[in-house]
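I opened my notebook and the viewer side by side this morning. Here is what I looked up, in the order I got to it.

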Amino acid sequence: MPKSSLDKIDLEILKSLQEDGRLTNVELAGKVALSPSPCLRRVKNLEDSGVINGYQASVNRKTVGLGMTVFVEMRVGKQSRAQIMSIIDRVTSQPEVVSCHLVSGQSDILAEIVVPTLEAYDVFLSDFLMTLDGVEDVRSNFAIRTLKANGPLPLQHLEAIVESD
């Protein structure tokens with residue numbers, strides 16, 4: 001396992017911000033037992049180094065009318081890098097696509113699509129997904145109920161690295 005440049009305080013900062021991204025710097029500093037200035041420097045370093053990508057609100061999908069989540073598996077016919085990257089670029093540019101992954105197995109691409117209704121998904125499937133050049137097969141898996149989404153990242157593996165330093 002690679003040596004981490006993070007220390008215990010950095011990990012506590014990450015855990016605290018994943019739990020509540022709206023913490024003020026003073027509140028965060030209190031949680032990690034630092035004074036505000038060093039805490040702010042650490043957060044800035046985590047942002048500058050790319051450990052923290054950004055901040056966003058977690059919006060309840062149902063309350064904003066996005067009651068349908070569909071996991072779409074796509075198989076690409078001609079598996080050239082250029083073909084797959086072209087498809088990925090097109091898919092990830094769609095606002096309905098909230099996550100997209102290159103995967104191994106029977107499919108090549110797995111995308112999470114969020115739409116208001118089955119009818120809206122039908123339009124997205126027919127007018128967009130089925131028109132993608134190079135996509136040989138599209139399989140739709142409908143979420144019956146979301147049990148956990150957008151959870152915090154597990155950072156336990158980093159704790160072991162930090163402890164050994």
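**Entry 1: Ser16.** I started with Ser16 and found it in helix 1, which covers residues 8–19. This is a predicted model, so I am reading computed values throughout. Is Ser16 buried or exposed? I get a relative accessible area of 12% for Ser16, and the cut-off for buried is under 20%, so Ser16 counts as buried. Next I asked which residues Ser16 touches, leaving out those up to four places away in sequence. My list reads Leu23, Leu28, Lys31 and Val32.

**Entry 2: the strands.** I then turned to strand 1, residues 68–76, and looked for its partners. With strand 3 (residues 109–115), strand 1 pairs in the antiparallel sense, and I noted seven bridges. Strand 4 (residues 135–142) also runs antiparallel to strand 1, joined to it by seven bridges. To have something to click on, I picked out one bridge for each pairing. Val72 has Ala111 as its bridge partner in strand 3, and Val70 has Phe142 as its bridge partner in strand 4. A reminder to myself while looking at these: side chains in a regular strand alternate between the two faces of the sheet.

**Entry 3: Gln94.** Where does Gln94 sit? I found Gln94 in the loop between helix 4 (81–92) and strand 2 (97–102). Setting aside neighbours within four places in sequence, I see Gln94 in contact with Phe124 and Phe128. I also checked Gln94 against Ile113: they are 19 residues apart along the chain, and their C-alpha atoms are separated by 9.3 Å.

**Entry 4: the whole chain.** Zooming out, I counted six helices and four strands. Along the sequence they follow the pattern α-α-α-β-α-β-β-α-β-α. Why do I call the chain more spread out than a compact globule? Its radius of gyration is 20 Å, well over the 15 Å that the globule rule gives for 165 residues. The C-alpha trace spans about 55 × 40 × 25 Å along its principal axes.

Entry 5: Of the 165 residues in the chain, 30% are buried, and Ser16 is a buried residue. Taking contacts between residues at least 6 apart in sequence, I find that 65% join residues at least 24 apart. The accessible surface comes to about 11100 Å², with 52% of it belonging to carbon and sulfur atoms. Last, I looked at the charges: there are 17 positive and 22 negative, and their mean positions are 4 Å apart.

Notes:
Residues are numbered from 1 along each chain as its sequence is written. This is a predicted model: local features need pLDDT of at least 70, side-chain atom pairs count only at pLDDT 80 or more; totals for chains, interfaces and linings use all residues. Side-chain values use heavy atoms; hydrogens and water are left out. Helices (H or I, at least four residues) and strands (E, at least two) are DSSP runs, numbered from the N terminus. Buried means under 20% relative accessible area, exposed over 50%, partly exposed in between (1.4 Å probe, protein chains only). Contact means heavy atoms within 4.5 Å. Two strands pair if DSSP finds at least two bridges between them. The radius of gyration is taken over C-alpha atoms; the globule rule is 2.2 Å times the number of residues to the power 0.38. Accessible areas come from the Shrake-Rupley method with a 1.4 Å probe; for residues, only the protein chains shown count as cover. Lys and Arg count as positive and Asp and Glu as negative; His and the chain ends are not counted. The place of a charge is taken as NZ of Lys, CZ of Arg, CG of Asp or CD of Glu.
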